[in-house]
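The topics are grouped below.

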Amino acid sequence: MGAEAVRVSTMEPPPNFEMVDVGIYRSGFPEPANFDFLDSLKLRSIVYLCPEKYPETNVGYLRSRGIRLFHLGTDGNKEPFMTIPKDLINNALSVLLDIRNHPVLIHCKRGKHRTGCLVGCFRKLQNWCLSSVFEEYQRFAGAKSRIADLKYIEMFDVTSIRQCLLGIIYQYHHTCGSQVRRLAYQERS
């Protein structure tokens with residue numbers, strides 16, 4: 001090779017990365033080593049669930065790509081008195097349901113507890129049975145699974161988000177040969 005340096009893309013996903021649904025992904029906190037991988041997703045939005053300020057390196061990355069940051073910071077569900085505010089989950093679900101934000105990445109620090117609660121509430125909105133919701137949560141949380149999170153997901157009332165979504169219409173997209181239900185805000189002229 002000549003004197004020119006060759007840049008090799010590692011395409012390393014963030015920890016606990018997985019596709020939740022078409023256009024919706026979850027993970028732990030993305031580091032600069034994950035930026036090439038995130039580029040491949042062509043993200044429009046990120047839902048960040050930690051209370052801490054988003055690091056400048058990551059903010060610069062988002063700005064340079066035109067990615068919108070929804071900073072909905074919260075502490076996790078910790079016994080006995082700390083719970084994720086329901087309004088925060090409703091706001092996050094509204095971001096996920098608005099296809100103008102897709103593709104969107106949901107993340108907290110490790111992609112386990114706060115992310116798991118949001119995805120669990122999203123699954124309830126999709127009418128998943130509770131045992132499947134819990135299995136998915138536990139697959140990501142592993143040995144650090146929290147009973148408080150499982151209780152939170154179980155008690156989350158999906159009618160609250162449905163009431164917040166007045167003015168929303170159903171759109172159907174054909175993806176990979178299957179019909180996927182999506183909600184989109186109705187454009188007003």
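**Helices, cores and a loop residue**

Helix α5, residues 130-141, has twelve residues and reaches 16 Å from its first C-alpha to its last, close to the 16 Å expected at 1.5 Å a residue. The model is predicted. The largest nonpolar core has 42 residues, and a second, separate core has six.

**Helix α5**

- V133, F134, E136, Y137, F140 and A141 are the buried residues of α5.
- These residues lie on the same side of α5, because the arc they cover around the axis is only 160°.
- G142 follows α5 and has a positive phi, near 60°.

**Helix α3**

- Helix α3 spans residues 86-97, and its twelve residues reach 16 Å from first C-alpha to last, close to the 16 Å expected at 1.5 Å a residue.
- Nine of the twelve residues of α3 are buried, so the helix is mostly covered.
- The buried residues of α3 are L88, I89, N90, A92, L93, S94, V95, L96 and L97.

**Nonpolar cores**

- Within the largest nonpolar core, the residues that touch the most other members are V47, I89, L96 and L118.
- Two or more residues of this core come from each of β2, α1, β3 (45-48), α2 (56-65), α3, β5 (104-107) and α4.
- The element that gives the most to this core is α3, with seven residues.
- Leaving aside neighbours within four places in sequence, V47 contacts F70, L72, A92, V95, L96, V104, L105, I106, H107 and L118.

**Loop residue N34**

- N34 sits in the loop between β2 (24-27) and α1 (35-41).
- N34 counts as buried because its relative accessibility is 3%, where the cut-off for buried is under 20%.
- Not counting residues up to four places away in sequence, N34 touches E12, P13, P14 and F29.

Key:
Residues numbered from 1 in each chain as written. Predicted model: local features only at pLDDT ≥ 70, side-chain atom pairs only at ≥ 80, totals over all residues. Heavy atoms only, no water. Helix = DSSP H or I, 4+ residues; strand = E, 2+ residues; numbered from the N terminus. Expected span 1.5 Å × (residues − 1). Buried < 20%, exposed > 50% of the residue type's maximum accessible area, 1.4 Å probe, protein only. Contact = heavy atoms within 4.5 Å. Arc of directions from axis to C-beta. Core = buried A, V, L, I, M, F, W, Y, C linked by side-chain atoms within 4.5 Å.
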